[in-house]
Amino acid sequence: MNGDLGTRDLIEELERLGVQMWADAGRLRFRAPRGVMTPERLAVVKEHKQRLLDHLGGGAVALRTDPAARHEPFPLTDVQAAYLLGRGEAFAYGGTSCHAYFELAFEELDHERLERAWQTLVRRHDMLRAEVHPDGHQRVRPDVPDYRIRVHEGDPERVRAELSHKRYEPSEWPLFDLRVTRTPGRDLLHVSIDLLTADYTSVQLLLAELDQLYSGGGELAPLEVTFRDVVLAERAAREGPAHEADRAWWLERVDTLPGAPELPLADRAEQSPPRFTRHHARLGGPAWTALRAHAAARDLTPASALLAAFADVVGSWSRRPAFTLNLTLLNRPPVHPQVGALVGDFTSVTLLAVDPDPGADLAGRAAALQRRLWTDLDHRGFTGVEVMRELARRRGAEAALMPVVFTSTVGLAGDGEGALTGAGELVTGVSQTPQVWLDCQVMEYRGGLLVNWDVRDGVFPDGLVEDMFAAFTTLLDGLAA
């Protein structure tokens, strides 16, 4: 095992086994389930200690917990700032918040027990008490009133229509809304949340903890670190030489980055307010297991295989074969063992250039794309938002629009059997993001793979997205077979 590829493989293997690793002032720290770190694995970790430290940041992000300042204002992340600006009408394809909505079905819900469990989470997670102010800062309120979950009877459509595209005032608590609809044979839990305060993995975490509290599965360990601590640590790290080196690397590449995919566009006015429609499919357990095995046999991660399939389909409809995709990254900086237990918007983005070799097969194109992504991620200290700002400065705002997005939570902690919904069954959902036309989301769920495309209405000609989505799901079925 050598080089960056071996280091990544080692980290991914350990993460699959439940091992959390982080750098602490030049020392390598880890937390692992009992029995996982065998003498053989410890020897491998010791052998690769320095490369692991380099990959994890070598302590460049130095976290300092600051409980006394917990409720003081702190800056927005780059992505939060972009979300906040994109809510306005001044930018093309703005006018919407970054928002997620979904429904979970249960045989029966005890309303009071559910309400108490959610109130416990609001007290536990600072960002469920957060307010985001238009001047570019956020603050966690020390106390908020007990949140009440309203109950409706009968047809859930009215609640669905109200919450599926709800826009919150960012500076006013709460930035979420939970309802219950009682229907014949089952109860529906409606969840609406502004993604300024919680990313996709945070939402999964909240649902898992809600299920644990509701079902009496035991108390949750106290949190010793806050989202504010992490944001300030990362901001301080950007003053160092590593960020400057990453900035120089990206600025050399900016002029060679291709534009967004040139997909056919509809010749009609946008909807106001904007609406998004979800196209969804599921790959069953055996097919998903087979696809992962085929990917591993070609030294591809499952996420890389899915990304390559998406890029292939987009390329089939793009006027130019070379284009740039906008990748949502949901990884959290390994600066504290509890970072994975925090709610917050840890989202970052990276711009991935797709320039396929016409002579290569899909596996070859996937391998090249994976290598490009991993090289880019070695320079992620200069974020995709910063790259887009530089693109706007050099080429204009239109050239900086990167509206075709790929979002994967495959392989991240918290995925897998029941983690997304606990005892509930996912019924429906939709998300929207400013300046985004199409967001392909892939996630593991109950042994299989969920595939969602959330698409802004009115952008593409009638039937185009349906054809593209059918091509994507057909390709995944083929790869599994």
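Figure 1. The side chains of Glu390 and Arg394 form a salt bridge, with N and O 2.7 Å apart; the term denotes a side-chain nitrogen of Lys or Arg within 4 Å of a carboxyl oxygen of Asp or Glu. The model is predicted, so local features need pLDDT of at least 70 and side-chain atom pairs count only at pLDDT 80 or more, while totals for chains, interfaces and linings use all residues. Residues are numbered from 1 along each chain as its sequence is written, and side-chain values use heavy atoms, with hydrogens and water left out. Because Glu390 and Arg394 are four residues apart in helix 13 (residues 384-395), about one helical turn separates them. Helices (H or I, at least four residues) and strands (E, at least two) are DSSP runs, numbered from the N terminus. Glu390 is buried, at a relative accessible area of 11%, whereas Arg394 is partly exposed, at 32%. Buried means under 20% relative accessible area, exposed over 50%, and partly exposed in between (1.4 Å probe, protein chains only).

Figure 2. The whole structure holds 30 salt bridges. Side chains of opposite charge can pair when their charged atoms come close. In one of these bridges, the closest N and O atoms of Lys166 and Asp177 are 2.9 Å apart. Lys166 lies in the loop between helix 6 (157-163) and strand 8 (176-183), and Asp177 lies in strand 8, so the pair ties together parts that are 11 residues apart in sequence. Lys166 is partly exposed, with 23% relative accessibility; Asp177 is buried, with 5%. A further salt bridge links the side chains of Arg139 and Glu131 at 3.4 Å, N to O. Here Arg139 is partly exposed at 26% relative accessibility, and Glu131 is buried at 8%.

**Figure 3. Strand 8 and its pairing partners.** Seven of the eight residues of strand 8 are buried. Strand 7 (residues 150-153) runs parallel to strand 8 and is joined to it by four bridges; two strands pair if DSSP finds at least two bridges between them. Within this pairing, Glu153 has Arg182 of strand 8 as its bridge partner. Together, strand 7, helix 6 and strand 8 make a right-handed β-α-β unit; right-handed means that, with the strands pointing away from the viewer, the path from the first strand over the helix to the second runs clockwise. Strand 8 also pairs with strand 9 (residues 186-194), in the antiparallel sense and over eight bridges. Arg182 stands opposite Asp187 in strand 9. Two residues lie between strand 8 and strand 9 in the hairpin that they form, and Gly185 in the turn has a positive phi of about 95 degrees.

**Figure 4. The nonpolar cores.** The largest nonpolar core has 67 residues, of which Leu114, Trp118, Phe176, Leu178, Leu189 and Ile193 touch the most other members. Such a core is a set of buried Ala, Val, Leu, Ile, Met, Phe, Trp, Tyr and Cys residues joined through side-chain atoms within 4.5 Å. Helix 7 (residues 200-214) gives the most to this core, contributing seven residues. Leaving aside neighbours within four places in sequence, Leu189 is in contact (heavy atoms within 4.5 Å) with residues including Phe102, Phe106, Leu114, Leu178 and Leu210. A second, separate core has 49 residues, among them Val313, Val314, Leu325 and Leu476.
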